[in-house]
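The structure comes up just below.

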Amino acid sequence: MMSLKSGDLAKALALCACLFFGLAAPSAPAVAGGKSGDFDFYVLALSWSPTYCARKGRNADPLQCRATKPFRFIVHGLWPQYERGWPDFCRSRENRPERQTVTEMLDIMPSRSLIAHQWRKHGTCSGLDPQDYFDTTREAFEKIRIPAAFQNLDRTGRIAPDAVEKAFRLANPGLRDAAMAVTCSSGALQEVRICLDKDLNFRSCRAVDRNGCRSGKISVPSPSR
């Protein structure tokens, strides 16, 4: 049997560690102050509103969580992405969104503070002015068909993340598993993230897909007033 000297063993262990951590490493982190408009694709993040409302309780945004008609999937944001990592808080000459622009988005992003934050963190990296960015966000949202099971849900249930992906895939021809990820928080459905190219066509995004929820089953809180 071949033997290794202590120095050779140390090198071998170091090599194994590099390989292990290289394979296990998550997506590259955000790059603050990136160049506006310099990105590879978008992620449309759709948040399951009942999870947010249940988690935040009295601290939740009342516009979102005390609505007469409870929200279901809402837009968290439209995020410019690199193949690995993403830009955020880019330098931009564009001003913050006008009040009318914000008001027009409240039906799909029911929080003024959310809209303002999404512009500062992600919109500034899109290369668009605020009106065009939020018009693009709406266009992306309207491209997605929300599965009927989530439109009609009236009681809390449990589901596998893969089954959520399957429901979205069946409702949206052309959408593949590798083009989306389901995320969870404390065992509950948090978001469905869908990757789109700059023309808002579905596209694969392995780094996003790899970071999806790994739980066997997750809770889907029901919308409630």
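## Charges over rings

Lys143 lies over the face of Phe202, at 4.9 Å from the ring centre. Lys198 places its charged end over the ring of Phe39, 4.4 Å from the centre. A charge sits over a ring here if NZ of Lys or CZ of Arg is within 6 Å of the ring centre and within 35 degrees of the ring normal.

This is a predicted model, in which local features need pLDDT of at least 70, side-chain atom pairs count only at pLDDT 80 or more, and totals for chains, interfaces and linings use all residues. Residues are numbered from 1 along each chain as its sequence is written, and side-chain values use heavy atoms, with hydrogens and water left out.

## Aromatic pairs

Searching the whole structure gives eight aromatic pairs. Rings of Phe, Tyr and Trp (its six-membered ring) pair if their centres lie within 6.5 Å; planes under 30 degrees apart count as stacked, over 60 as edge-to-face and the rest as tilted.

Phe39 and Tyr42 make a tilted pair, 5.0 Å centre to centre with 50° between the planes. Phe39 is buried at 6% relative accessible area, and Tyr42 is buried at 4% (buried means under 20%, exposed over 50%, partly exposed in between; 1.4 Å probe, protein chains only).

## A link between strands

Trp48 and Phe73 pair edge-to-face, 4.9 Å centre to centre and 65° between the planes. This pair links distant parts of the chain, 25 residues apart: Trp48 belongs to strand β2 (residues 41-48) and Phe73 to strand β3 (residues 73-81). Strands (E, at least two residues) are DSSP runs, numbered from the N terminus.

Trp48 and Phe73 are both buried. Ring pairs also join Trp48, Phe73, Phe150 and Phe168 into a cluster.

Methods. Helix = DSSP H or I, 4+ residues; strand = E, 2+ residues; numbered from the N terminus.
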